[in-house]
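User: I would like a close look at one part of this model. Please keep it brisk and tie the local picture to the chains around it.

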Amino acid sequence: MTAWEQAFVLVFQPYNIFVMLAASLFGLFVGAVPGLTATMATALLVPVTFFMAPIPAIAAIVTATAMAIFSGDIPGCLMRMPGTPASAAYTDEAYAMTRKGQAELALGAGLVFSAIGGLFGTAVLIVAAPTLAEFALKFSSYEYFWLVLLGLTCAVFMTSDRPLKGFVSLLLGLLIACVGLNNPAAFPRLTFGSTEMLGGLGMIPLMIGMFAISEIIRFAVDTNPPLKIVDQPLGNVFKGMWGLTKKYPMQILRGSALGTLVGALPGAGADIAAWMSYAVSKKFSKEPEKFGTGHVEGIVESGSANNSALAGAWIPALVFGIPGDSITAIVIGVLYMKNMNPGPTLFTNNPQNIYAVYLLFIIANLIMIPLGWWCIKVSKQILKVPRNVLMPIIMLFCVVGSFAINNTAFDVTVMLVAGIAAYVMEDNGFPIAPAILGVVLGGMLEENLVSSMIKADGDFSAFFTRPVAGTLAALTLAVWFLPIVMKRLRRLAGA
Amino acid sequence: MKLNDAVWGALLLLLSAALLVHVQSFPTIPGQKVGPALFPGAIAVALGVCAVLLVLKGLAARGAGGESAEWIVLDDWTRRGHYVFAFFVTIGVNIFYILAIDWLGFLIVGTVYLSVLFVVYGVGRKWVLPIAVIVTLGIHYAFYKLLKVPLPWGLLQGVAY
């Protein structure tokens, strides 16, 4: 059997199909309920996927996140409240369309162009990932060191308008990664004498805490009055979609391409992709004055961008083990647990697994159309689910899920502390994504730094003389120092 | 609760200094220049630099006036008793879970955990207990039976299945 045939067999097993359907419903629901995000859906899935074979586990995450990013549009459109942060960029626009009686056009555009964007991102993933992997096979510790550092740098500058706070967040994440015996001398670092911390702090409880518990705390102290759902009959959501496709081909392409690129950059995910795409769409539109008044063009472009970002984020995650967004940060943890360690060798040793991931993405984006259509039909019921019942249940699920990974109550403590920390950090303007990337990549950064230092034997030029390492080094330093230099130059020019 | 950047900077500076002192006690690998202290040491230095910058930023903001000039800005909810209560209960139930799970077991802890949260979040009284019991049993079944997670039975060890 060829690798592709094996991949088909893996993906089209009845169990896997069942998992994908269940994950779709879960993803659609989580995305549609404001306050529950796609990243949270992933974190909640991990304890369950822990008990699955690798492909169904990945299938669950891929499907649930694709669905959640789409269904996040629904409450944006009907309640002016984004279901996930990825829909926030065009929530006002979608709501304005609803006020004009065009709710089905906004929802339909969200659905159809989400699927198209997702498929575009998948196509780029299929083409780019193996090529990059072949290139990455030649990498040594020097290249990996710079690559990780570049990734972390991107995360700081992409996820925050306050790079200083992003940098602090990143350093705290790296510090958490130091905890335990996993270091060059296997010396117990920062464990405070606790035996439970010798193995390091569990990634999954940390993620569940940072992405789920913090949201529940935010819900508990949310003083805003509950929002009203617009009561408007919804017609055929597919009506007019072909017309939009013919009218805005450039916008769809540009949104998908930008989305994939932003997704692939470490740290920035679907939400930032949508914001950037919406801005680009307005800038290049022939009718920019219509933006904000219920104009579908921006929704078409940024709706495709946020779903293409999902697939884009998997490119660096699979090839280098560097997550493109917070969802793939969790995915990398899952891949390690499933013995599918990300890296270029994944493409050479187990190509069937990679092909299966491609197939999963394609299927997820195709079944999104019928399932999403159904979800829009029942959306009013979903939006009526009382959140004061839902949130406690989710939190208990988080607790049990954190416990389930290692069967220890210590992990529940880790989850709780991480949740409170994430809440306080966000409240004070420290972005969370860099911290997550720091936790995920800390070990890799240190390992490559230390082995490079040992190989270099005191000669630092080795970090810069290899061609690829030198290029990556130059890029990293440019991202660090260009903003400062530009600021100075501008000030000089102004003075 | 928002603290002024200078306060964060001061706290982080303390952390950075404590780290720098602490990593001095890490052993070296014989014959190698780099050891387990290198990486956390580098983080501590970078953290120290950021901390100083944050202090400067915070002090500058204090001079400039406005909301960011305050040492501490309390969120809206901290002035309303109900929300403060909800905040502490949300965290408290988890501490209760951690402390009581081995003794009371999952079924009892889970039911209490959910009931308390439902009441505080304002779920209708007659629904509180039924939903709490059903959901606890459901989660227990899913994790204990289907996923084979050894959730503790505690006091109910006698009825364990």
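Which residues does Val221(A) touch, not counting residues up to four places away in sequence?

Analyst: This is a predicted model. With residues up to four places away in sequence left out, Val221(A) touches Trp77(B), Tyr83(B), Ala86(B) and Phe87(B).

Start with where Val221(A) sits. It lies in a loop of chain A, between helix H10 (203–220) and helix H11 (241–247). Val221(A) has 19 other C-beta atoms within 10 Å, so it counts as partly exposed. The cut-off for buried is 20 or more. Gly76(A) is 145 residues from Val221(A) in sequence, and their C-alpha atoms are 22 Å apart.

Now the contact between the chains. Chain B gives 49 residues to it, and chain A gives 42. On the side of chain B that touches chain A, these elements each give two or more residues: strand E1 (2–3), helix H1 (5–23), helix H2 (38–64), helix H3 (81–104), helix H4 (106–120) and helix H5 (125–146) of chain B. By class, that side of chain B holds 39 nonpolar, six polar and four charged residues.

Chain B also has a domain assignment. Domain 1 covers 2–73, and domain 2 covers 77–159. Taken over C-alpha atoms, the centres of domain 1 of chain B and domain 2 of chain B are 38 Å apart.

Leu171(A) is buried, because 29 other C-beta atoms lie within 10 Å. Its touching residues, again not counting those up to four places away in sequence, are Gly438(A), Ile43(B), Ala46(B), Leu47(B) and Cys50(B). Within chain A, Leu171(A) and Leu437(A) are 266 residues apart along the chain, yet 9.9 Å separates their C-alpha atoms.

Val221(A) is partly exposed, whereas Leu171(A) is buried. Val221(A) touches residues of chain B, including Trp77(B). Leu171(A) touches residues of chain B too, among them Ile43(B).

Last, a helix pair in chain A. Helix H2 (residues 14–32) and helix H4 (residues 54–71) of chain A have axes that come within 7 Å and cross at roughly 30°. The crossing angle is therefore one that makes H2(A) roughly parallel to H4(A). H2(A) passes H4(A) in a right-handed crossing. The residues of this contact divide into 18 nonpolar, seven polar and no charged.

Definitions and conventions: Residues numbered from 1 in each chain as written. Chains lettered and ligands numbered in written order. Predicted model: local features only at pLDDT ≥ 70, side-chain atom pairs only at ≥ 80, totals over all residues. Domains from an automatic or database assignment. Helix = DSSP H or I, 4+ residues; strand = E, 2+ residues; numbered from the N terminus. Buried ≥ 20, exposed ≤ 12 C-beta atoms within 10 Å, placed from the backbone. Contact = placed C-beta atoms within 7 Å. Axes fitted to C-alpha atoms, helices over the stretch in contact; angles between N-to-C directions. Parallel < 35°, antiparallel > 145°, perpendicular 65-115°, else oblique. Left-handed = near helix turned anticlockwise from the far one by under 90°. Nonpolar A, V, L, I, M, F, W, Y, C, P; charged D, E, K, R; others polar.
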